[in-house]
Amino acid sequence: MTNVAPETRKFEAEVAQVLHLVTHSLYSHKEIFLRELISNASDACDKLRFESIAKPELLAGEGDLHIDVSWDPQARTVTVRDNGIGMSRDEVVANIGTIASSGTRRFLEAMSAEQKTDARLIGQFGVGFYSAFVVADRVTVLSRRADLPAGEGVKWESDGKGEYSLAQLDLPERGTAVILHLKADEDEFLKSWELRSLIRKYSDHVAFPIRMPKEKDGKPGDEWETVNDASALWAKPRNEISDEDYQSFYKSLGHDFNNPLAWTHNRVEGSQSFTTLLYIPEQPPFDLMMGGRDERKGLKLYIKRVFIMDAAEELLPNYLRFVRGVVDADDLPLNVSREILQHNRQLERIRAACIKRVLDLLEKLARDEPEKYAVFYKAFGNTLKEGIAEDAANRERIAKLLRFASTKGDGAAQTVSLDDYIGRMAVGQDTIWYITADSYTAAAGSPQLEAFKAKGTEVLLMFDRIDEWMIGSLNEYEGKKLKNVAKGELPLDEAGKKHQEELSKAAEPLLKKLKDILGDRVNDVRVSARLTDSPSCLALSDFEMAPHLARLLREAGHEMPESKPTLEINPEHPLLKRVEAESDPAKAADLANLLLDQAEIAAGAPLPDPAAFVQRLNRLIAG
């Protein structure tokens with residue numbers, strides 16, 4: 001080997017932060033270093049297998065792709081070597097020394113958001129290599145890209161404390177070797193049985209052979225043996241796969257320590273053949289929360305067991321972005337690209353099948369295992385709601401899966417389905433009533449519910465931020481209209497209409513007095529059919545945005561058109577009687593404005609002048 005003088009560089013600041021976090025916080029899960037290094041090695045083998053489709057010469061030399069894990073008790077090293085694609089000097093710098101490819105910035109954002117280090121984050125943000133420093137005080141990487149000559153090998157080395165060295169050297173074999181120089185108290189990883197058990201626990205279903213030297217007299221011998229299953233789990237018949245196998249595969253696939261909540265495994269044969277293995281996690285993956293809708297991973301596309309790409313965007317809609325799994329197609333071209341996928345009819349059928357399988361699985365959970373479904377809904381209910389607006393073809397199926405709090409439910413618990421509501425409807429009722437607010441307390445305590453409570457009519461209480469937007473796309477379910485109790489005119493029977501007309505006629509002088517006092521603050525003042533106990537509330541037109549959502553959008557920097565509220569009053573309430581009888585114009589003005597202020601507060605609208613509200617309140621309390 002001819003060595004070239006090494007160059008010393010500093011880690012980027014974010015990488016140094018990640019290294020500090022990993023080495024100081026992940027000690028309780030230190031064994032994941034092996035899972036992550038093997039996962040990276042498997043990715044390298046996948047990339048080579050894919051690139052060799054167009055360039056078969058890349059496989060020259062070692063045609064069988066594999067991953068070797070060895071240990072040296074004398075040198076106190078553990079080595080993970082693959083004969084995959086390898087890295088050039090620039091790729092080593094980009095993947096290990098800088099932020100470019102490692103996802104470190106989002107990893108750090110997740111850390112600050114959680115105020116703790118969670119081992120699940122390591123793999124999900126592609127920073128798993130750094131977990132090596134939990135058990136090693138020095139790490140050496142030897143790598144050569146498959147399409148480069150032997151003389152362009154790279155040696156990278158660091159103690160993880162801020163700097164790393166880079167050197168060029170001869171490497172006769174392609175691929176990457178990661179050599180961990182173990183810390184003094186990490187002897188457990190120098191035992192063959194410990195390494196084997198970790199491989200079986202975390203990496204058994206890696207689709208490439210993971211080999212270890214056979215032990216001889218307590219030392220590694222010259223003969224190698226495969227220690228993992230090394231087969232594509234999804235390609236086996238379902239009756240040959242145990243629940244433990246499915247769970248183990250999910251953990252390696254999703255970089256998760258928890259078991260999945262549920263999974264579905266299907267093979268489609270016929271004019272188009274493909275296999276899907278789809279998992280519902282128990283908790284939201286951190287890349288879902290931090291990466292959000294713009295960058296999605298978690299669904300891997302294989303073609304005839306050759307890994308092609310992370311294809312979550314192409315295979316599942318945004319509202320199912322929590323799903324993890326694999327899709328293996330027999331009929332797509334191996335040189336497929338994202339551009340080809342966007343216009344591929346075969347892929348459209350696979351995508352439709354994936355959506356159907358996930359919704360089937362969720363319906364089965366909701367029907368047969370409601371406790372598990374409650375766990376799912378708590379984690380992903382708001383994400384699922386996006387499908388109401390985004391997937392018109394499946395809107396009714398998604399709506400069936402939604403759960404809400406209700407005036408006849410168990411407090412704030414979101415357990416009531418639309419079917420539950422319809423099953424409890426009174427004879428002749430043809431509307432599903434709901435209210436939106438920015439908290440359960442605000443929804444449950446809204447004065448707009450009073451007439452419904454008095455009649456015993458159930459109202460769904462919607463208080464998640466997405467609800468007002470979502471419900472705009474859900475106008476009907478099972479032939480029943482959905483209507484907001486705060487919007488439009490309430491339907492009244494003949495007796496109710498007559499009573500309302502009488503109240504409005506008797507209150508005409510009061511209504512005029514309030515309109516004159518409130519002036520430009522209101523669009524209209526009218527007698528309410530909604531109120532039985534409270535003095536006032538706001539009423540919205542059918543297409544008007546709820547005040548709490550308008551406030552949130554303004555706070556987020558969106559320009560919202562100014563709209564004047566309609567004030568509804570209960571003329572039989574003592575406060576309205578007092579306004580009616582008040583001859584002092586100043587006191588009448590304070591009372592009238594307070595009626596509007598309290599209605600705005602109850603509806604979640606911002607007060608236009610909080611200081612004036614406080615002064616009015618103080619004047620009235622002081623008498």
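The model is predicted, so local features need pLDDT of at least 70 and side-chain atom pairs count only at pLDDT 80 or more, while totals for chains, interfaces and linings use all residues. Residues are numbered from 1 along each chain as its sequence is written, and side-chain values use heavy atoms, with hydrogens and water left out.

**Salt bridges**

- The count comes to 45 salt bridges, each being a side-chain nitrogen of Lys or Arg within 4 Å of a carboxyl oxygen of Asp or Glu.
- Lys 10 and Glu 163 form one of them, at 3.5 Å from N to O.
- Because Lys 10 belongs to strand β1 (residues 7-10) and Glu 163 to strand β6 (residues 163-169), this pair ties together parts 153 residues apart in sequence; strands (E, at least two residues) and helices (H or I, at least four) are DSSP runs, numbered from the N terminus.
- Lys 10 is exposed, at 61% relative accessible area, whereas Glu 163 is partly exposed at 40%; buried means under 20%, exposed over 50% and partly exposed in between (1.4 Å probe, protein chains only).
- Arg 211 and Asp 68 also pair, with their closest N and O atoms 2.8 Å apart.
- Arg 211 lies in strand β8 and Asp 68 in strand β2, so this bridge connects parts 143 residues apart in sequence.

- The buried residues of α7 (residues 192-203) include Glu 194, Leu 195, Arg 196 and Tyr 202.
- These buried residues pack against several elements, among them α2 (32-54), β2 (67-72) and β8 (210-216).
- Asp 46 is found in helix α2 and is buried, at 5% relative accessible area.
- Leaving aside neighbours within four places in sequence, Asp 46 is in contact (heavy atoms within 4.5 Å) with Phe 208, Tyr 302 and Phe 307.

**Cavity and pocket**

- On a 1 Å grid over the protein atoms alone, a cavity is a set of points where a 1.4 Å probe fits but cannot get out, and a pocket is an open set with protein on both sides within 12 Å along at least five of seven lines; lining residues have an atom within 4 Å of a point.
- The largest cavity is lined by 16 residues, with Thr 436, Gln 448, Ala 486, Pro 547 and Ala 603 nearest its centre.
- The second largest pocket is lined by 20 residues, and those nearest its centre include Arg 554 and Glu 562.
- Helix α21 supplies the largest share of that pocket's lining, four residues.

Definitions and conventions. The expected span of a helix is 1.5 Å times one less than its number of residues.
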